Amino acid sequence: MGCYQTFFFKLSFSLVLLLIVGVGLGGVASAELSASFYDKNCPNAMSTIKSAVDSAVYKEARMGASLLRLHFHDCFVNGCDASLLLDDTATFIGEKTSVANANSLRGFDVIDNIKAELESLCPNMVSCADILAVAARDSIVALGGPTYTVALGRRDSTAANLTATDDLPSPFANVTKLIAAFSKMGFTVKEMVALSGAHTIGQARCAVFRGRLYNDTHINASFAAAVRAKCPGNRGSGDNILSQLDVTSPTRFDNAYFKNVVSQKGLLHSDQQLYSGGFTKTAVDAYANNAASFMEDFAEAMNKMGRLSPLTGSSGQIRTNCRKVN
C-alpha cells in the first residue's frame with residue numbers, strides 16, 4: 001500500500017506535474033461519431049454549413065470568433081449537446097443567462113439560419129450540436145486557421161444546466177485555476193494553452209479586462225495606456241466598450257496571440273497568466289516561435305473538445321428548432 005499512498009500524495013500535492021505528462025482527471029467520452037455520418041442521408045450538409053459560415057464571417061470577421069465561442073461554451077457544460085442554444089421559457093431555465101454567457105455570446109441567429117436551411121434540405125436529420133461543431137471549424141478556416149476533420153453524429157439535449165456554466169474558465173482566473181478547469185474536462189496543460197490560442201480572434205468587453213488594465217503589474221505600459229483610453233477605470237462606466245483580444249492581427253487566426261502574451265500585451269488577466277503565472281511559460285514561448293506547431297496542436301485539441309460527452313444513438317433528439325426542445 002505504501003506505493004499507492006505515495007502516488008496519491010503526489011497527485012494531491014501537485015496537479016500541475018500530473019497534467020504536464022498528459023494525464024487529465026476528466027475524460028473524453030468514446031462515442032459513435034463518424035466524419036461520414038451524413039454522407040448518405042444529407043450529403044450537402046457540410047457544404048451548406050460552410051457556405052453560411054463563410055458568408056457570415058465575410059460580412060463581419062468577429063462572427064468567426066463568436067461561432068467558435070459558442071461551440072466551446074457548449075462543450076464545456078455537460079458535453080457537446082447544444083444545450084447552450086436552448087432559450088428560457090416560463091418553465092425552463094437555459095444556460096444563456098449565466099454570468100459566463102450573458103453579454104458574452106452571440107451568433108445564435110447564424111446557427112438559426114443554418115438549421116432552417118438544413119431542415120429544408122434534410123428534415124429532422126442534422127443536429128444543432130453538429131452544426132455548432134462544424135461551424136466552429138469552418139469559422140477557424142475562414143479566418144486563416146487550420147482545418148481538421150469533425151466527427152459527426154451528435155444528438156441534441158432536451159435539458160440545460162445553468163449551474164454547470166460555473167465550470168467555464170474565467171477571464172479573471174490565475175493559471176492554477178485555468179489548469180484545473182481544463183483538467184476537469186480531460187485536457188492536458190499543453191492542450192489548455194493551445195485552446196487558449198483561440199483568443200487570437202475576437203473581442204472582449206471593458207468590464208472583463210478593466211481589472212487587468214488598472215491592477216495588474218505584468219502589463220506593457222504603452223499597451224495599457226492605449227486600451228485605458230477606451231476603457232475607463234471606474235466600474236460601471238463603459239462596461240460594454242469592446243477591445244480586440246489580439247492587438248496585432250485581430251481578424252486573422254495565427255500565433256500572434258502568443259507573441260502578444262510574451263510582450264505582456266494579453267488583454268485578459270487569464271491570457272497574461274499563461275506567461276506570467278509560470279507553469280505554462282515554456283508552452284507559450286514554443287507557440288510564439290512556431291506557428292505551425294500551434295496550428296497542429298490547436299486542431300488536435302479542437303477535435304478532442306468536439307468529442308466531449310456527446311449524445312449518440314437514441315439519446316437526446318434532433319431538434320427542429322435549435323432554441324427549443326421538440
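Colleague: Is Ser276 buried, partly exposed or exposed?

Modeller: In this predicted model, Ser276 counts as partly exposed, because its relative accessibility is 27%, and the band for that class runs between the 20% under which a residue is buried and the 50% over which a residue is exposed.

Colleague: And which helix is Ser276 in?

Modeller: Ser276 has its place in helix α12, which covers residues 269-276.

Colleague: How many Å separate the C-alpha atoms of Ser276 and Ser120?

Modeller: The separation between those two C-alpha atoms is 51 Å, and along the chain Ser276 and Ser120 are 156 residues apart.

Colleague: Changing topic to the rings, how many aromatic pairs does a search of the whole structure find?

Modeller: The search finds 13 aromatic pairs. One of them is formed by Phe294 and Phe298, whose ring centres are 5.7 Å apart and whose planes are at 55°, so this pair is tilted.

Colleague: Why tilted, with planes at 55°?

Modeller: The angle of 55° between the planes of Phe294 and Phe298 falls between the limits, because planes under 30 degrees apart would count as stacked and those over 60 as edge-to-face.

Colleague: Where are Phe294 and Phe298 in the helix, and what separates them?

Modeller: Both belong to helix α14, residues 291-305, and because they are 4 residues apart there, about one helical turn separates Phe294 from Phe298.

Colleague: Are those two buried or exposed?

Modeller: Phe294 and Phe298 are both buried.

Colleague: Which residues do ring pairs link into a cluster with them?

Modeller: Ring pairs link Phe294 and Phe298 into a cluster with Phe253, Tyr257, Phe258 and Tyr287.

Colleague: What about charges, which ring does Lys96 lie over, and which does Arg228?

Modeller: Lys96 lies over the face of Phe108, 4.2 Å from the ring centre, while Arg228 lies over the face of Tyr214 at 5.2 Å from the centre of that ring.

Colleague: Stepping back, how many helices and strands does the chain come to?

Modeller: The secondary structure comes to 14 helices and 2 strands. With a radius of gyration of 20 Å, close to the 20 Å that the globule rule gives for 326 residues, the chain is as compact as a globular protein of that length.

Colleague: What share of the chain is buried, and what share of the contacts joins residues at least 24 apart?

Modeller: Buried residues make up 48% of the 326 in the chain, and, among contacts between residues at least 6 apart in sequence, 77% join residues at least 24 apart.

Technical notes
Residues numbered from 1 in each chain as written. Predicted model: local features only at pLDDT ≥ 70, side-chain atom pairs only at ≥ 80, totals over all residues. Heavy atoms only, no water. Buried < 20%, exposed > 50% of the residue type's maximum accessible area, 1.4 Å probe, protein only. Phe/Tyr/Trp six-rings, centres within 6.5 Å; stacked < 30°, edge-to-face > 60°. Lys NZ or Arg CZ within 6 Å of the ring centre and 35° of its normal. Rg over C-alpha atoms; globule rule 2.2 N^0.38 Å. Contact = heavy atoms within 4.5 Å.
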